[in-house]
Amino acid sequence: MKIGKATAAYERWLGRRLTLIKRDIELKHQHMKEALFPFLRATYYRWAQAWPEVSPGTAAAPAVLAVGDLHVENFGTWRDIEGRLIWGINDFDEAWRLPYTNDLVRLATSAHLAIAEQHLSLQAQEACDAIAEGYAEALGNAGRPGGRAFVLAEHHSVLRKMAVERLHNPESYWEKLKSLPTLEEKIPAGARRAMERMMPERGLEMRIVHRIAGLGSLGRQRFLALAEWRGGTVAREAKALAPSACVWAAKGGGSAKILYQEIVDRAVRAPDPFVRLKKRWIVRRLAPDCSRIELAALPKERDEIRLLHAMGFETANVHLGSGEPRAIRADLKKRGRRWLHRAAQEMAEAVERDWKDWRKASGA
């Protein structure tokens, strides 16, 4: 199936499960033409369909509750219940039970493409080695339990420096959100209730706006409630969720469980107390220190090896919530040292073929 046909089929499937915003879908299609890295981010449905066919050797592995749509810009920071700054995986829209290798190969493939487009400056092999080494370290061994949350207040000074670079000008963050026009149309009652319940106090006067963000989820309803509370602005976002694209790729019909809350609750992490699944809406607090980190927001002077090692480690933090580390360690041992680089290169080439087909069909 060509990428154009796959996209149309997936969007029909998705449109039967939630309300799609036509102008945002068109914007997503436009971004898909621009470059390989945003194309990868926007097309997890295609990955779910193609990966087992393109790389069957890596797709045969022990299963875990996986992120699914993992990539180098799916990491960010939040505040835990103690107010500590935490770093880790930021989005679990596509969580599904998959071979653990899915997340590693997709993360490494995104690094390949980010390097090719000069968003990262290290070599592709170095990036894959760092991811693999971080993952293996976090798995632990027979005598030492694995996994550890990234608490930036006490540890990880190098990572903390990279993560907080974007926090130097919080005024511009709030100015951008406040500049969004107020929605005139009525929003779904479930979304409004979900945001109200996550506010710091009940009864706050909220201004509701439509927020355009992300690429994989672009086209879904995404509402933002802004309110003034005790001298400053607070924000809560509600984003519509559907079952993982893996359900579509497996030609599944009917309903399927949304696993967002389950994967967050089971992972080795200090969770964000303001991220909750409310029926079909995922609600979170937005603030300068509670958001995704784009590669462009990283400081020019950064330790990319350390960053990718941490990304591999954090991937294992998530997998340890549902996988058997001994089985994963045994499978990794059989794969040898360079398996991740080879698999990522293979998938990067497949993504590039799809991207060229998409551009050609779009007249780019």
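Student: Where does Lys279 lie?

Tutor: In this predicted model, Lys279 lies in the loop that runs between strand E9 (276-278) and strand E10 (281-286).

Student: Why is Lys279 called exposed?

Tutor: The relative accessibility of Lys279 is 75%. Exposed means over 50%, so Lys279 counts as exposed.

Student: Which residues form a positive surface patch?

Tutor: The positive patch consists of Arg193, Arg197, Arg202 and Lys279. Lys and Arg count as positive, and patch residues need over 30% relative accessible area and no salt bridge.

Student: What makes Lys239 and Asp91 a salt bridge?

Tutor: Their side chains meet at 2.9 Å, N to O. The cut-off is 4 Å between a Lys or Arg side-chain nitrogen and a carboxyl oxygen of Asp or Glu, so the pair of Lys239 and Asp91 qualifies.

Student: Which parts of the chain does that pair link?

Tutor: Distant parts: Lys239 is in strand E8 (residues 232-240), while Asp91 is in the loop between strand E3 (85-89) and strand E4 (96-99), and the two are 148 residues apart. Both Lys239 and Asp91 are buried.

Student: How do you know that Asp331 and Arg335 are separated by about one helical turn?

Tutor: Both belong to helix H14 (residues 325-335) and are 4 residues apart, which means a separation of about one helical turn. Asp331 also forms a salt bridge with Arg335, with the closest N and O atoms 2.7 Å apart. Both residues, Asp331 and Arg335, are buried.

Student: Which residues do salt bridges with shared partners join into one network?

Tutor: The network is made of Arg41, Glu73, Arg292 and Glu294. Within it, the side chains of Glu294 and Arg292 meet at 3.3 Å, N to O.

Student: Why is Glu294 called partly exposed, and why Arg292?

Tutor: Buried means under 20% and exposed over 50%, with partly exposed in between. Glu294 has 39% relative accessibility, so Glu294 counts as partly exposed. Arg292 has a relative accessible area of 23%, so Arg292 is also partly exposed.

Student: How many salt bridges does a search of the whole structure find?

Tutor: The search finds 24 salt bridges.

Student: How many disulfides does the structure hold?

Tutor: The count is 0. A disulfide would need a pair of cysteine sulfur atoms within 2.5 Å.

Student: What makes Cys128 and Cys246 buried?

Tutor: The limit for buried is under 20%. Cys128 has a relative accessible area of 1%, so Cys128 is buried. Cys246 has 8% relative accessibility and therefore counts as buried.

Note on methods: Residues are numbered from 1 along each chain as its sequence is written. This is a predicted model: local features need pLDDT of at least 70, side-chain atom pairs count only at pLDDT 80 or more; totals for chains, interfaces and linings use all residues. Side-chain values use heavy atoms; hydrogens and water are left out. Patches are made of residues with over 30% relative accessible area and no salt bridge: like charges are joined within 9 Å, nonpolar side chains (Val, Leu, Ile, Met, Phe, Trp, Tyr) within 5 Å. Accessible areas come from the Shrake-Rupley method with a 1.4 Å probe; for residues, only the protein chains shown count as cover. The place of a charge is taken as NZ of Lys, CZ of Arg, CG of Asp or CD of Glu. Buried means under 20% relative accessible area, exposed over 50%, partly exposed in between (1.4 Å probe, protein chains only).
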